[in-house]
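Welcome! Here are some exercises for getting to know a new structure, each followed by a worked solution. Try each task yourself before reading on.

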Amino acid sequence: MALEHAILVSLLEKPGSGYELARRFERSIGYFWTATHQQIYRVLKRMTSDGWVDVRDVQQYGRPDKKEYSVAGPGRDALGAWLQEATEPESVRHDLAVKVRGAAFGDPAALITEVERHRQAHTDRLAHYLTGEARDFGEPTAGGPLDAERELQHVVLRGGMAYERMMIAWLDDVLATLAGLDAGR
């Protein structure tokens, strides 16, 4: 996936400035596709030149004016075409898994601290997701079920939560295995 597609999705959800997009990447979409502020601004400039996004100056009082970006017709068409493209299933590329396998040729107990650090990072990310879910999806809307956009946002979030739970369970298994190997020495 190109950064352009993640930006198009975010702008279709809600037009915004480059700064606002960067905040969205930090807060939600960035857990699935990351980008620096500089990358976002560079891609927005190219997408504007290509006619994929429109930009308008928004006057702000007491602050500098800002540029607000929204998806133009060609951008919507490009996203639609990309959504129809077949993609290859992703494979897991995980440095820690290679370290765990390699621990057989060193001191397995020396890896425990690193595995615990990874476990804490996944636990923290799961907590962040759960907080976001409670904030954004906790109360059903008075009008009934979520609209398609919100339901699809929620299913992606649920996928992220399932991934984090799976990683925590796997890291618990790794820790138990490493502890068992250490006890057997």
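**Exercise 1.** How many residues does helix H4 have, and what distance does it reach from its first C-alpha to its last?

*Solution.* Before counting, note that this is a predicted model, in which local features need pLDDT of at least 70, side-chain atom pairs count only at pLDDT 80 or more, and totals for chains, interfaces and linings use all residues. Residues are numbered from 1 along each chain as its sequence is written, and side-chain values use heavy atoms, with hydrogens and water left out.

Step 1: find the helix. Helices (H or I, at least four residues) and strands (E, at least two) are DSSP runs, numbered from the N terminus. H4 covers residues 73-84, which makes twelve residues.

Step 2: check the span. H4 reaches 17 Å, close to the 16 Å expected at 1.5 Å a residue; the expected span is 1.5 Å times one less than the number of residues.

**Exercise 2.** Find which residues of H4 are buried and which are exposed on the other side.

*Solution.* Step 1: apply the cut-offs. Buried means under 20% relative accessible area, exposed over 50%, and partly exposed in between (1.4 Å probe, protein chains only).

Step 2: list the buried residues, which are Gly 75, Ala 78, Leu 79 and Trp 82. Looking down the axis of H4, these buried residues fall within an arc of 95 degrees, so they line one face of the helix. The arc is taken from the directions from the helix axis to the C-beta atoms.

Step 3: turn to the other side of H4, where Arg 76, Asp 77 and Gln 84 are exposed.

Step 4: look for the cover. Helix H1 (3-13) and strand E2 (66-71) are included in what covers the buried residues of H4, where contact means heavy atoms within 4.5 Å.

**Exercise 3.** How many residues of H1 are buried, and what covers them?

*Solution.* Step 1: count. Eight of the eleven residues of H1 are buried, leaving this helix mostly covered. Among them are Leu 3, Ala 6, Ile 7 and Leu 11.

Step 2: find the neighbours. The cover includes H2, helix H3 (37-49), strand E1 (53-58), E2 and H4.

**Exercise 4.** Which residue forms a salt bridge with Glu 20?

*Solution.* Step 1: recall the rule. A salt bridge is a side-chain nitrogen of Lys or Arg within 4 Å of a carboxyl oxygen of Asp or Glu. A search of the whole structure finds ten salt bridges.

Step 2: name the partner. Glu 20 pairs with Lys 66, and their closest N and O atoms are 2.7 Å apart. Glu 20 lies in helix H2 (residues 18-27) and Lys 66 in strand E2, so the pair ties together parts that are 46 residues apart in sequence.

**Exercise 5.** Is Glu 164 buried or exposed, and which residues does Glu 164 touch?

*Solution.* Step 1: locate Glu 164, which lies in helix H7. Its relative accessibility is 2%, so Glu 164 counts as buried.

Step 2: list the contacts. Not counting residues up to four places away in sequence, Glu 164 touches His 122, Arg 125, Leu 126 and Tyr 129.

Step 3: check for a salt bridge. Glu 164 forms one with Arg 125, with the closest N and O atoms 3.6 Å apart. Because Arg 125 is in helix H6, this pair ties together parts that are 39 residues apart in sequence.
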